[in-house]
Amino acid sequence: MEFLDGITSNFLKGVYECFQFEMTADQLLINETRKEFNGDYTIVIFPLVKTLKKSPQEIGSVLGDWMVKNDPDTIAHETIQGFLNLTLSVNFWKNQLAVVANTPKYGTSPQNGQKVMVEFASPNTNKPLHLGHIRNILLGWSCSKILIANGFEVIKTQIINDRGIAICKSMLAWQKFGKGMTPASSHLKGDHFVGDYYVRFEQEMMVEYKIFQQSPEGQSLMQSLKKPDVDESAFWKEYKNKYFNEYSQLGAEARKMLVDWENGDPSTRALWEKMNGWVYDGFEETYRSLGVNFDKLYYESQTYLLGKKTVADGLAKDVFYTQNDGSVWINLEDAGMDKKIILRSDGTSVYITQDIGTAQQRYADYGIDKMVYTVADEQDYHFKVLFEVMKRLGEPYANGLHHLSYGMVDLPTGKMKSREGTVVDADDLIADVIQEAKDMSAERGEITSLPKDEQEEILRKIGLGALKFFIIKVQAKKRMIFDPKESVDMQGQTGPYIQNAYVRIQSIKRKANESTQNDVWTGYNGLLEQEKTLINHLLQYPYIVKMAGQQLDPSSLANFAYELAKDFHRFYHDVRILNAESVEAKAFRSLLCDQVGIVLASSLDLLGIETPDRM
């Protein structure tokens, strides 16, 4: 970490002067000193023991004495076994706080000249956004902001899955049962309206399926195919997809509609455009509620034929090979995978063909260096295959492809099922967390004197902050359970807990008198442990932002914000600020609080969370 560069440099110099050994910086390990010992930072000296053939105590004592004598920031030392604990001067901490206070956009990096595209959301147009989409969106949005903070030019995108049999199901259901209703006439958001017809199709098909099961034809079929150890209900559950494809009248109509769409039938295309338009309006409203936007939209209806030209190129390069039936494959067994179909025998694409073409199109559009796909862990293998294919095709950005994989989200009540209409709707969830914030606020009664519209805005920020933090604080790969009530807890590891620390700081700022720079930097020398703890936490921020960008892991930043807020709440309760023992102490602590507030707001912003001034 850069703020320790001076201490690191002097320690390495001390090793050479005391023992004539050139130790390098990458051999040096420095950690914060554990609370039960004296000191601020600990240097691990075990690596020197074998080389110098001296005891840890002797090495630590010699180097500690040298540091106190020669390093202006070190004022005391203590060696415990193989650990040299250094105590740093008040001036060190004050100087570091000055760096924090005087660095514009503290924690961010200058532009590095690289472009990265982040894909997230990518919904289907047969249903509204749901809880799973929210985790996807929040991860993608936060990673986009973190990458920008690390100096990248970021293009935010989504590929909208706007074609296929699922979309035709909702179209057919509206055509048969909609009676001309529209989102406006039914007072529903467009995505909800269309999603209801997707559910309606499933319901109607199940009625049809039940009738078939009881028919002589269905009973005869079951008796001929059912295995002795399988009961009737299990057989029909397993047989459902085959029924849809081979027997269902509704299935046949939906498949015909898909063929008509692919053939460009004007009336089918017109219906498709109208219903998708309703859905896009609904999606956009949800995105606005979450505070997210996109720079470029791709549509599967425009990309599903991409990649076919690449197949010919890949065959010419012997990357792909052709089977006897005319299908095209790639053999990835030497990379620990299997053989993967790239093009069907009838010449139609599979998903990976489309993804190859879409990646190439994106590179043609933007010349990107990196591409991040925010997609659930169900597709881990798909992206492993895709990335290997791109490398073998020699794509210039192939080493910059990354799958931001995440686990599913459940509610305390269990899993969700789209076709059965039991999905937790994103809009309902947003409304729920804002209502939880209202209930919490009513109990506390602290903003009731504010104008109604200001109260509503504060509660919106609290509710959305609760939702976003609760989801982002969980490491992406972990499956999680979201509990709306727990998310707004003011005492737990929650967004409102961190927002409350920021609000307290704003209150201090409103009440504090202006102080001179001299009061802050030269007049106060009685630094408390709680103050050092806060300064030390602030110093970690650039490193945390950098690591979050390298690992594409917003949860590490969420954890940092929580720990900083927790340290501040403890400081707020234990240390006199506005009624400090001296003008100089008040000025210093006010400045320290201000910097904590700036870093809290910055870290929350990188998570996509707004900070209210009151709550």
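Me: Looking at the lining of the largest cavity, how many residues are nonpolar, how many polar and how many charged?

Reply: Keep in mind that this is a predicted model. The residues lining the largest cavity are Met440, Ser441, Arg444, Gly445, Glu446, Ile447, Ile462 and Met615. Arg and Glu count as charged, and Gly goes with the polar ones. That leaves the lining of the largest cavity with 4 nonpolar, 2 polar and 2 charged residues.

Me: Which helix gives the largest share of that lining?

Reply: The lining includes Met440, Ser441 and Arg444. Helix α17 covers residues 426-444. With 3 residues, the largest share of the lining of the largest cavity comes from helix α17.

Me: How many cavities of 30 Å³ or more are there in the whole structure?

Reply: The largest cavity has a volume of about 50 Å³. The second largest cavity holds about 30 Å³ of space, with Lys461, Leu464, Gly465, Lys468, Gly608, Ile609 and Glu610 as its lining. For cavities of 30 Å³ or more, the search of the whole structure comes up with 2.

Me: What classes of residue make up the contact of α20 with α23?

Reply: From α20, the residues that meet α23 include Tyr497, Ile498, Ala501 and Ile505. Among their counterparts in α23 are Ala558, Ala561, Tyr562 and Phe568. By class, the contact of α20 with α23 comes to 11 nonpolar, 3 polar and 2 charged residues.

Me: Is the crossing of α20 and α23 left-handed or right-handed?

Reply: Two packed helices are described by the angle and the distance between their axes. As α20 passes α23, the crossing is left-handed.

Me: And which element gives the largest share of the lining of the second largest pocket?

Reply: About 610 Å³ of space lies in the second largest pocket. Of its 26 lining residues, Glu32, Thr33, Lys35, Thr533 and Asn536 are the closest to the centre. The elements giving two or more residues to this lining are α22 (529-551) and α23. The largest share, 10 residues, comes from α22.

How values were computed:
Residues are numbered from 1 along each chain as its sequence is written. This is a predicted model: local features need pLDDT of at least 70, side-chain atom pairs count only at pLDDT 80 or more; totals for chains, interfaces and linings use all residues. Side-chain values use heavy atoms; hydrogens and water are left out. On a 1 Å grid over the protein atoms alone, a cavity is a set of points where a 1.4 Å probe fits but cannot get out, and a pocket is an open set with protein on both sides within 12 Å along at least five of seven lines; lining residues have an atom within 4 Å of a point. Grid points are joined across faces, edges and corners, and a volume is the space filled by probe spheres set on the points. Helices (H or I, at least four residues) and strands (E, at least two) are DSSP runs, numbered from the N terminus. A crossing is left-handed if the near helix is turned anticlockwise from the far one by less than a right angle, and right-handed if clockwise. Contact means heavy atoms within 4.5 Å.
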